[in-house]
Each structure stands twice: as structure tokens, then as C-alpha cells.
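Reader: I have a two-chain model to read. Where do we begin?
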Amino acid sequence: MTGFSHWLTAVKGITWRQSSSFFKNPALVLPSLLFPMLFFAAFAGGLSDLNRIPGFDYEPGYTTFQYVFVLFQSSMFGGIFIGFAVARDFENGFARRLMIATPRRSAIICGYGLAALVRSAFTIVFVTIVALVAGINVLGSPGQIVLLFLLALTSNILGSLWALGIAFRFQTLSVTPLMQIPFFILLFLAPVYVPIQLLRGWIRHVADVNPVTFLLEGGRALMAGTTGPIVTAWLVILIGGIVLGIWSLTGLRAAEKR
Amino acid sequence: MSAIEVRGLVREFKKGPRAVDGIDLTVAEGEIYGFLGPNGAGKSTAVLMLTTLLPPTSGTATVAGFDIVKQGPQVRASIGAALQEAALDRFLTGREHIKLQGSLHGMKGADLKQRGNDLLERVGLTDAADRKVGGYSGGMKRRLDLALALLHSPRVLFLDEPTTGLDPQSRSALWDEVARLSREDGVTVFLTTQYLEEADALANRVGIIDHGTIVVEGTPDELKAEVGRSSVEIEPHDAARLADLERALTPFGEPMVTRGTSASIRLNEGVGDVTAIVRALDAQGIVVHQLRLREPTLDDVFLEKTGRSLEGSGDNDEDETPSA
Ligand SMILES: Nc1ncnc2c1ncn2[C@@H]1O[C@H](COP(=O)(O)OP(=O)(O)OP(=O)(O)O)[C@@H](O)[C@H]1O
Ligand SMILES: [Mg+2]
């Protein structure tokens, strides 16, 4: 067996294990669905009068506006939750099994990462079905919608890589807040409830440079079939992927040295 | 080529002790090497280094001919390990563990399935294979862990206290299996244990480790021969004559501490002396109620080398940092 095909088999094995213990465990599945749903219900339902405020000019409407946020949020957090699983594996020793049996340990990162993607894809499909029922307007072309989903899914990788880096370094469940909080902050310092033009003061300045802004605005533009910072959004994914990829790989190296 | 070659291996924990403090050892191919020592001696730390889970602070080691630091991937491909705490996922079944472990080693398809079934059969888990591991007993978990360690037919097998917590029956079944692996398949086994009998029964060679250093090494027989001398414990029929008995025994060896009703000595020369002892006692009219001859054990070896008894020694009664 060649090195690469061995590596790939290991990646598949880790993805399969992680996914099957996720889907077999309702205590994990249900929250991952409820969480985005609550968000969606709260904002799209409660704040939909924002449709009528002056300056809100997102053509597909407020529910759709919120749907894009929930899409990215649930995808990124699907990535972060994989960090919880890894921290738990380190706590109970299972990670040692992976570390000892996997000749090329980068397979561990890829396996966990793919499992996070599978999980997010599942959540995205669910959220999207609910959103369609709730009446979102899809104005983008099929190509644009495919790009939107790709963007959301790849943003999941950013969440995974970040959380994996933390999990490898600290190897305990007690640092899970550290995995979530930076993403919470980034998400809420972005134009979550209203378009960026309506933000005022310091929050506007922060939002202007917040990478998540580009993801949300890019995603919303794809959904509406209009122009927006789509290229910048992909640059965020690319640069973020490289930086956080290094973060998680160096984390794995740190874990090897403990 | 030796299967394991260790030179000056040291591991120092940041805020802890030098858990392994410069060990040297060589294990030949197909040999069973018993690494015997009390709690906190540094056994697991040594295993973690040799299995590439922990980098050494200094020193070198090769396993299956590969350097544990520079050739981690090759080492990992050649070894199997069952660590002290069997690392299993309680939501997966036994068979699912086999599937995962196989894939980590790049195995798949019918080969993996066949090999997995054979091993499950061999460790007696065929019936339980499709049950979640969360419901396994401690012994079943250990057996599954062993099967997983053997899945890719490794040349070198590391077992960290494989029988701790097993009932006598499971223990002897595991001994048989380990002995068979070495005898029939030529697998090299590096086994740590706190049990003298285990090292004695199973290992071709034993290294006794204490406070991170190997205090003595050799075949069980060599080690016992080195301590050398059997001891004899005699209980007089008439307890009042204990003092006479002790006096009569002094020419035959040094006295040892014993319970109040009997006297013990470590014999000066070989076992042949027992008849002489009996004759001497007879001459003085001391009637023997009970006479016990004890062969030296590895515990005597440990006692001789460290001044402590292995049983009950270790972290807790020692002056070292407590383990977490
Ligand atoms: N991660 C760690 N950080 C700090 N100290 C450690 C760590 N791991 C082990 N030690 C210390 O190193 C020493 C050796 O521990 P080790 O686990 O190797 O002993 P052992 O011989 O396997 O003992 P046991 O029979 O109890 O398993 C102990 O004093 C322990 O407290
Ligand atoms: Mg140990």
C-alpha cells in the first residue's frame, strides 16, 4: 500500500468513527440542530419588521438576510464542536490510540476536519429546509447558490482548524470556551442584524475590517444575485485556512511533545 | 538486529521528577522482556517514549530498527501497543473498533474483516463483538485492546501492565496468548508489570526499574541465582525453645525477621544444608513442628537491590512527588 493511499484510509477511518459516534448520539445531534433553529426563529421572526426600516435594502427580505447569517454561524460552530470531541478524546486517552496507530499524523487533522464538514453539511441541509419552509427568497443563480454553500462549508474548516489547534494544545474539555469565544466575538462584531451601512460608530469601524463581515456580505450577495465582496470572502477563507492550518498543525506538533 | 535498543534514555517532566533517568536496554527479536517495578517507577513513561507518544528529554532508542525520534512513522507502522488505560470509545462496538484501528493502519476490505474476526475469536469476544464497548467488563476491554494492538501483525508489541485488574483466569489466558505470540509468531514483547509472578512466568529476561533507573537485569533464574540463597523457616514444636532454635541455626546462615513463633535464616550455601540443619536440631533435642524452604523470588532480588520490598512499595510510601 502506498503512503498516500494508507493516509487516505486513515483519514476515512477517523471521519467515519467521528461521524458515526455523532449520529448515534442524540445528545449531540439535537443541540446542533436546535441551536441554529433558535437563532433563526428569534431573529427572523422577532425582528422581521426591520424589513420596513429606511435603509434596509436587501431585496430578498429580512428572513433571507438572517438565513445567511445562521448558515455561516452553524457551519463555523459545527467546526468548533469538533474541537470538543478532540479534547474529550485527549481526556479519555482515545487520542493516544490515533497517535500511536497512524503513521502520518496529519491524517488525524484531516479526519477530524472532514467529520466536522459532514456534520455541518447535515446541519446546513436541515437549516435550509426549515428556511425554505419559513419562506426565504432565493434570487441568486444556481451557480451562485452552489458558491454560497461552498463558502459556508469551507468556513466550517476555519472553525475546525481553530478549535483543533486549541484542543491539541490544552487537551482538556475545560478550554472549550476558548474555542468558542473568539468566534462568538467575531460573529457579533459583524453585520448580523442589519446591513453594514446601517451600523454606526465603533462597531462600524470594527465591522469594516472584520473578516466575518466579508463572509456574510459575500454570502448575502450570492443569495440575492447581486454584487458584493465575494472575492474578498474567498480570500478570507484562503488566508484564514492557511493561518489556522498552521495553527492546528503546530498544535499537533505540540501535542506530540507533551 | 535487536528489536529494541535503548541508550541513556531520559524523560524529565516539567514540574515533575526525572521519571526515566537514563536507562539502557536491549531486547532481542522474539524475546519477551519484562519491565518490573513498583508504582511510579517510570514504566509507563518508558513505554510512551518507545511508542513515540512522548519525546525523550535525552538519549536514543530504536524500535524495530527505527529511531523513535527521527523515524516515528516507521516505528508506529511496526509496533502494536496496549497501554495502561485501554483507550476505547464507549459508543463504538468491538467490531467498529477493529474497523477504525484497521483503517489507521491502512487496512481495509475482506482482509481486515477476516483478520478482525480471527482476533476477536482468539480473545474470546466473538459474541460480544457487536455490543457497545460501554457495556464491556474491564477484562473484555483489555482483551479488545490486545486484539486491536495485534491487528496489523506488528513485529514488536508493547503491553503496559496488561493484567492489572484481571481475574486469575483471564490473567493466565493472557499469559498463554503472549507466550504463544512470542513462540509461534516470533513477536517481540515488551511488557511492564508490578507482578513478580508475571515477570517470572512470562519473561525471558527481566529488567527491574526503580525511580527511573534499571537496578538489575537478567533472566529470572540469573537474577534469583544472583541473590542466590534460599531461606528456611522453622517452627519448633515447643515454643519455649525458640531461642535455642535461633541459636542452633546461626551456623547455617543469617537470621531473618519473622513472626514470633518461628525462626528464619537465609541459607549460607545451597539447599543441601537442610539435612544438616535437621540433624543439628535433632542433636539438641529440638523437635521440628514445621519446616518451610523458600526459593528466592524476584521480590528478594528487588529487596536486595533497593532495600525495599516490591509489594506495597512505590509512589505512596516514598518520598517522591505524588502522581496526579
Ligand atoms: N505527565 C506527567 N507530568 C508529570 N509527572 C509525570 C507525568 N507522567 C508521569 N509522571 C511522574 O513520573 C513518574 C513515573 O510515572 P510512570 O507513570 O512512568 O510510572 P509507572 O512505573 O508506570 O507507575 P504505575 O505502576 O503506577 O503505572 C511518577 O512519579 C509520575 O508521577
Ligand atoms: Mg504505569
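Author: Begin with an open space. This is a predicted model. In the second largest pocket, α3(A) gives the largest share of the lining, six residues.

Reader: What is the volume of the second largest pocket?

Author: About 670 Å³. Its lining counts 31 residues. Nearest the centre lie A:Arg88, A:Asp89, A:Asn92, B:Asp89 and B:Phe91.

Reader: Which elements give two or more residues to that lining?

Author: From chain A, they are α1 (3-23), α2, α3 and α5. From chain B, the element is α5.

Reader: How do the residues of this pocket lining divide by class?

Author: There are 15 nonpolar, seven polar and nine charged residues.

Reader: Now the interface. How is the size of an interface often given?

Author: As the accessible area lost when the parts come together. Here, chain B and chain A bury about 2,700 Å² between them. Carbon and sulfur atoms give 60% of that area.

Reader: Which residues of chain B lose the most area to chain A?

Author: B:Leu53, B:Arg76 and B:Leu104. Together they make up 24% of what the chain B side buries.

Reader: How many residues are in contact?

Author: 31 residues of chain B touch 28 residues of chain A.

Reader: How many residue pairs are in polar contact across the interface?

Author: The rule finds 13, with both residues at pLDDT 80 or more.

Reader: Which elements of chain B give two or more residues to the side that touches chain A?

Author: α2 (72-78), α3 (94-104) and α5 (138-150) of chain B. α3(B) gives the most, with seven residues. By class, this side of chain B has 16 nonpolar, seven polar and eight charged residues.

Reader: And enclosed space? How many cavities of 30 Å³ or more are there?

Author: Five, by this rule. The largest cavity holds about 140 Å³ of space. It has 16 lining residues, and the closest to its centre are A:Arg96, A:Arg97, A:Ile100, B:Ala81 and B:Leu83.

Reader: Which elements give two or more residues to the lining of the largest cavity?

Author: α4 (94-101) of chain A, with β6 (79-82) and α5 of chain B. The lining has nine nonpolar, four polar and three charged residues.

Reader: What lines the second largest cavity?

Author: First its volume: about 80 Å³. Its lining residues include A:Pro31, A:Phe35, A:Ser74, A:Phe77, A:Arg119 and A:Thr123. The elements that give two or more residues to this lining are α2 (26-46), α3 (62-91) and α5 (106-134) of chain A.

Reader: How do the residues of that lining divide?

Author: Into five nonpolar, five polar and one charged.

Technical notes. Residues numbered from 1 in each chain as written. Chains lettered and ligands numbered in written order. Predicted model: local features only at pLDDT ≥ 70, side-chain atom pairs only at ≥ 80, totals over all residues. Heavy atoms only, no water. Contact = heavy atoms within 4.5 Å. Buried area = accessible area lost by both parts, 1.4 Å probe. Polar contact = N/O pair within 3.5 Å; in protein donor to acceptor, adjacent residues only side chain to side chain. Helix = DSSP H or I, 4+ residues; strand = E, 2+ residues; numbered from the N terminus. Nonpolar A, V, L, I, M, F, W, Y, C, P; charged D, E, K, R; others polar. 1 Å grid on protein atoms, 1.4 Å probe; cavity = no way out; pocket = protein on both sides within 12 Å on 5 of 7 lines; lining within 4 Å. Points joined across faces, edges and corners; volume = space filled by probe spheres on them.
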